[in-house]
Number of protein chains: 2
Amino acid sequence: MTESELYDPARFPAFAVTVDLVVLTVRDSRLSALLIRRGEEPYAGRTALPGGFVRPAESLGQAARRELAEETGLADLPVHLEQLATYGTVDRDPRMRVVSVAYLALAPDLPAPTAGGDAADAHWVAVADVLPELFPAAQNRAEGHPPFAFDHARILADGVERARAKLEYTPLAAAFCPPEFTVGELRRVYEAVWGVTLDPRNFHRKVTGTPGYVRPAGGTTTRQGGRPAQLFTRGDVTLLNPPMLRPA
Amino acid sequence: MTESELYDPARFPAFAVTVDLVVLTVRDSRLSALLIRRGEEPYAGRTALPGGFVRPAESLGQAARRELAEETGLADLPVHLEQLATYGTVDRDPRMRVVSVAYLALAPDLPAPTAGGDAADAHWVAVADVLPELFPAAQNRAEGHPPFAFDHARILADGVERARAKLEYTPLAAAFCPPEFTVGELRRVYEAVWGVTLDPRNFHRKVTGTPGYVRPAGGTTTRQGGRPAQLFTRGDVTLLNPPMLRPA
DNA sequence: GTAATAGTGTCTCTAAGACAATATGAA
DNA sequence: TTCATATTGTCTTAGAGACACTATTAC
C-alpha cells in the first residue's frame, strides 16, 4: 500500500484536467493548424491551441469533440479525432496544477471559423510559419506570429509528427480530402504534411495498387487544371499494406 | 469564451489523476506482465495493473518512475518507460472522477518482485493466460486468474499492441534483453511479443544487416545450448531502417 | 555418433524509385 | 498552339521469404 493510496477518497490530490486540440488541415498546399490568440492572463496575446476544461460529467473524448465543435463553429464534422498524448509537468500552468490531454484532429479544408463565440480568435496558420524547424526544406518566411503559450509549441510539434507517421501506415491522408478526391489531391496532402515532393507517377501507381486504399467514384474533375482526373472515395481498409513510405 | 473557462481558477472542476503501469517482460519465452491482486474495494480480489495517485509536486513521468520502483522493489532499473494513453471515462472508478495516465515499461527478465511493501502482491503473469484473444495461435491453458478491475484489461491490451508495433520500427526488442545478448535471444523476444515463430536464418541476416541495430560485443555464449553464439550489445540507432516486419 | 542451436548462401518475387512516353483538358 | 496535370509503362535494384547447407558446441 503506497503512502498516496492512504488518502481518503474524499481527500485525493486535486488536479484540473483540460483538453487541448491540434486541429490540422491542408490549405493552399500547406499544412495548417487551427490556433487562437489568448485574450487573458497568463500568456495574454500569445498563440495557443484551442481547448478548455473537461467537465465533470463528460469523458475526455466527449470534451474534445465539444471543444472542436465550439471552436470550429460546426457540429458533426467529418473529422478524424484521436488522442495524442497527455502533458502534466508541475509548472506548465502558473495558476494551478493542470494536466492536459491533447487530441489530434484531421479535417478537410474547412470554411474559416465562424465569427462569434469561441471561434472569434481562431484562425488557420501554416505550420511552417510558426514551427519552421519542422520544415527544413522550405524557405520560411517567418511571419509575425506571437510565441506559443504554455507548452503548446511542443504539443503542436507532437501532433504534426503523429500525423506524419499515421500517413505512412493508415489511409488517414484521405481525412484531409473532401469525400471525392483525385490521386493528385491526395498526393498534395502527403507533400504538405511531410514537407517533401513526391514523384506523381510512382505515387499514382502506389495508391491505386494498394488494395482497399481508394475506390473509383466514377466521375472525373478538372478542378486542378490539366487533363481530367478520376475521382475516388476512401476505401475500407484501416491499415495500408504495403505502407506509403516517407522518403529518407 | 466557453462556459467552462469562466471558472474561477480556485474553483476548477477537480479530478483525481493516477498513473497505471503496463510492465512487460519475456520470461520462459512468454510475454508476461506485472500484475497485482487488489486487496480492497472497489474490485477487491480482482487483477489490476500497478499504479497510484500522482502527487501534487511530481510530474506524470516522475510518478510513473516512482510507482515502478515501488512495485518492482528496485530503483534505477534499466527499463524503457514511455507514456501509453490516458483513460478518462466518467464511471471508470465508482468512488470518484479519476483520469488515469497509463505508462508502458519494457524490462529484461527481472528477479521476482521483492516481498514486502507494495510488491507483496505483484507477480508476473503470461499475457496469453489473461488475454488469450491476443494470442490466437497459442493453445490457451486458461489458468485461474480473477478478472481485471476497472478498464485495466483494455489498458493492458493497448500496451501489448504498442509494444508489438514498436518492435517493428525501433530497436526496443533489446530492452527485453540483458546488456549482452545473442541474435537467437533477440529472436525469441520477437516471437514471444508477436506470438509468432520466425525463420532463424532470415532473422539473423536481417538483424545483422540493419545498420546500427546491434554491435558485436566480442564474446560468445552457449547458454542457449548448441553452437556458441556471438554476443551483441544494443546499437545506437533509434529507428530501424529497414524495419522488422510482422508476418501477415 | 545424435541433438540442438548458430550462421551462410542461394533463389524467387514483390515493390520502391528513376524516368520515358502518352493522354486530355484549358487558355 | 502551349501548358498543366493525369496516367501508363519500363528498367533497375533493395529487400522479404523459402529453404539447402555447413559449423560448433553438449551429451
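Rings of Phe, Tyr and Trp (its six-membered ring) count as a pair if their centres lie within 6.5 Å; planes under 30 degrees apart are stacked, over 60 edge-to-face and the rest tilted. By this rule there are seven aromatic pairs over all chains.

This is a predicted model, in which local features need pLDDT of at least 70 and side-chain atom pairs count only at pLDDT 80 or more, while totals for chains, interfaces and linings use all residues. Residues are numbered from 1 along each chain as its sequence is written, chains are lettered from A and ligands numbered from 1 in the order in which they are written, and side-chain values use heavy atoms, with hydrogens and water left out.

A:Tyr43 and A:Phe150 form an edge-to-face pair, 4.8 Å centre to centre with 65 degrees between the planes. The two residues are 107 residues apart. A:Phe150 is buried (under 20% relative accessible area, with exposed over 50% and partly exposed in between; 1.4 Å probe, protein chains only).

A:Tyr169 and B:Tyr169 form a tilted pair, 4.9 Å centre to centre with 35 degrees between the planes. Each lies in helix α3 of its own chain, so the pair joins two chains. Helices (H or I, at least four residues) are DSSP runs, numbered from the N terminus.

| Residue | Relative accessibility | Class |
|---|---|---|
| A:Tyr43 | 27% | partly exposed |
| A:Phe150 | 18% | buried |
| A:Tyr169 | 23% | partly exposed |
| B:Tyr169 | 22% | partly exposed |

Ring pairs also link A:Tyr190, A:Trp194 and A:Phe203 into a cluster.
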